[in-house]
Each structure stands twice: as structure tokens, then as C-alpha cells.
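Please look over the sequence and the three-dimensional model shown here before reading on. The notes after it are meant to be read with the structure open beside them.

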Amino acid sequence: MVTSRSMVTNQSMVTNQSMATNQSITTGFYSPLPPARTGVADYSSALLAELRRHGKVEIAPARCGIALYHLGNNPLHATIYRRSLEQPGVVVLHDSVLHHFLLGQLSEAAYIEEFIYNYGEWNRGLAQDLWRSRTSSASDGRYFDSPMLKRSAERALAVIVHNAAAGAMVKAHAPHTRIAEIPHLFQPPPMASLADRLRYRQSLGIPAGAFVFGMFGYLRESKRLIPALDAFAEIHRELPQTAMLVAGDFVSRDLVRAAGPLLALPGVVRLPHLPESDFWLAAASVDACINLKYPAAGETSGIAIRLMGLGKPVILTDSPECAGYPEDACVRVTSGAAESDSLRHHMIFLASLPDAARAIGENAAAHIQSRHRLERIGEDYRRLLNDCVS
């Protein structure tokens, strides 16, 4: 027993010495940050502050003890992506499909070779076809079915994902890479008062008693804006005490043209990209959020996490990326041919039974508080970074 206790003491001393040593190592933090208008920038701003409570973290240093690279589909990640290949570190995959990012970064020849690197020479013809058809990549499922993760994942010391579906994508491309699933973080905002929310609704011309649906973030084909607006138009004719707030910048000109007439329909309120404080006030002022994604790119939606954290029922596409949410903490819509009917029925359910909607929102907030608290996420990051330099 003496020997056993001695071994435990020695192991504890080694662990403590390792932690002390690792805390003196600088973590290099490579990510877009505000005022960049991306969800990754907002996420990274909160995470950066939390990680600095645990040790020394510098933004994009020339040298560091361990690098933390945040990758996504936005072109803002281009320099970060290249550095992550040249000087490997821990990679955070905010989008687990990098296909669209690489389409925008590579020449035709380089793209085809990268596709072959991921999926083999026998797919050269497919790569050539995908390059020629790239203008439809935002909605063509073939691009989402080929995440093109192999080079990034193989080079990384470890890859952080936010859900199990993303982890499976990484494993399929790089079976021997270390994969860590760390839930998407939630940092609670200052709470808007009921009076503030009512004034905000009034400023938008929304009646005080209306049930308000909200859509937020970049507006692209995969967010299913057109089906959502079509469903709302039908519902609004039956339930005129409803409204729909659509806030965010369009990514596609084709989508702007297609959505224009629907955005002018009664009950629809259109807003541009909202600064952080205005976003939180708008989010607090809606009664439910529509946050569909199809085809999915392996991501965990920061919009969904934020709205669930505020206690709002969120309508999600039923997909592997969302499988981790409890059944009673969200509303799932079937993708494909059944999407329109499923969405319409669930929107009617929420608008007709506000007490049930509030109960779903309360369950959502409890889940986010349990699994996605910033302090817990920061600790998960700290442990992984320490492991990668020990």
C-alpha cells in the first residue's frame, strides 16, 4: 500500500510539473477576429479571452510553442490554412467540408490534383466535371459529399470538431489523426429586458402579440431561405398574428433575385447584417428561430447554439450534425421532398402553441448550459493543447 501511494504521489507530481511547464508555453492563435463579419470570428473572440485565463496566448505570432488554427470556408482563412500545412499544430474545423474553400483558392490544375490526392487517380474525370460545374457548388450535393480534408487532417497534430458527424468525416480522410470532439461554445450576452424587446419589435413594425420567427446569418442556398419564406407565406394567411425576421447578408446574387418577391410579402421584416449588440437584441426578440442547413457541411451552427442558449426553440434540419441535441430541446425538419410539409407543420405547431414553444426553448437553454458553457469548453481546449506539447 505504501508503494501504491508513493506511485500515485509521483504521478501527481509529474502531472503538475507537466501542466506548469505547458502553461509557460505560448499558444499561437490563428483565426479571423472581430470586426470580421463571420461566426468564426465571434467564436474565436470568446475562446481567446477564455484561453488567456489559462496561459499565454498570442494572436498569429511568428513562432509559438503550439499553434491553434481555426479553419472554415471563408476566404479569410486562406493564410491560416497555408500556415497550418507548413507549420502543423492543432486544427479547429468550423466547417468540415473544405471543398468550397479550396475551389476558391486553387487553380483548375491544382484543384484537380488536390481532389485526386483526396480520392484517387480514378476520380480525375469527376474532379474535372466538378471544376467545370463549380458555379452550382452551393447547392450541388456532390461538393458536400467530398469534404477534401485529407491534407489538412493528416498534417495536424490533432483536429478539433464540434460534432460526431464532423469527426467521422475527418476519420474517413485521415484514419490515424487524433480527433477531439469539443462542443461549440456559448457565451451568454447581457440579457435584454422585456421592455427593450417590445420597443425593438415596435421599431420594426411588428405587433406586440405576434409570434415571430427569425432567420440569421449569411443567406445562402443551403440555409433553405426560399422554402422557409414559402412556408411562412402560407402560415401567415392562416395565422396573421405571425411575423418573420430575416437578418443577414446574401452570399448569392441568384438567391437575391429569387428571394426578392418573397421578402416583400406581408409579415416579413428584412434586415442586413447586424452588429453584435443588435444581433443579440433581435435574437432575444423573436419567439423561434429557423436554422435549416441542407446540404450540410459538417458544421455545428453558432446561430443555433446562440438561440438555443437564449431559450428559443430552434427549427433544424434533421441531420447527423444535429444528432447530439435532445429530442425535446429542438424541432427537427426532414430534408428532401418532405421538407416543405415538415417545416410548415412545425411552424404552425410553434405559433399555435406558444407554451409548448417556450418549453422547448427552456429545454434547449438547459442543454446548452450543461454542454456548451464557455468555461467548460476552454478547459477542454487547455487539456488538448497541453497533451499536444507534453
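Residues are numbered from 1 along each chain as its sequence is written, and side-chain values use heavy atoms, with hydrogens and water left out.

**Confidence**

- The pLDDT, which is the predictor's confidence in each residue on a scale from 0 to 100, has a mean of 91 over the protein chain, and 94% of the residues reach 70 or more.
- Residues 1-21 have a pLDDT below 50, and beyond near neighbours in sequence this stretch has two contacts in the model, a contact being heavy atoms within 4.5 Å.
- Where pLDDT is low, the predicted coordinates should not be read in detail.

- Helices (H or I, at least four residues) and strands (E, at least two) are DSSP runs numbered from the N terminus, and two strands pair if DSSP finds at least two bridges between them.
- Six strands form an open sheet with parallel pairing, in the order 2-1-3-4-5-6.
- Strand 2 (57-59) and strand 6 (179-181) stand at the edges with a single partner strand each, so one side of each is left without a neighbour in the sheet.
- From one strand to the next, the twist averages 25 degrees, where axes are lines fitted to C-alpha atoms, for helices over the stretch in contact, and angles run from 0 to 180 degrees between N-to-C directions.
- Strand 5 (residues 158-161) runs parallel to strand 6 and is joined to it by three bridges, and Ile160 has Ala180 in strand 6 as its bridge partner.
- Helix 2 (residues 39-51) lies across strand 1 (27-30), strand 2 and strand 3 (66-71), and runs at about 155 degrees to strand 3.

**Helix 11**

- Helix 11 (residues 225-238) has 14 residues and reaches 20 Å from its first C-alpha to its last, close to the 20 Å expected at 1.5 Å a residue, the expected span being 1.5 Å times one less than the number of residues.
- Its buried residues include Leu225, Leu229, Phe232 and His236, and what covers the buried residues of helix 11 includes strand 7 (211-216), strand 8 (242-247) and helix 15 (339-352).

**Arg306**

- Arg306 is placed in helix 14 (residues 302-309) and is buried, with a relative accessible area of 16%.
- Leaving aside neighbours within four places in sequence, Arg306 is in contact with Asp42, Phe186, Glu276, Phe279 and Trp280.
- The side chains of Arg306 and Glu276 are joined by a polar contact of 2.8 Å, a polar contact being a pair of N or O atoms within 3.5 Å; within protein, one must be able to donate a hydrogen and the other to accept it, and residues adjacent in sequence count only if both atoms are side-chain atoms.

Technical notes:
This is a predicted model: local features need pLDDT of at least 70, side-chain atom pairs count only at pLDDT 80 or more; totals for chains, interfaces and linings use all residues. Buried means under 20% relative accessible area, exposed over 50%, partly exposed in between (1.4 Å probe, protein chains only).
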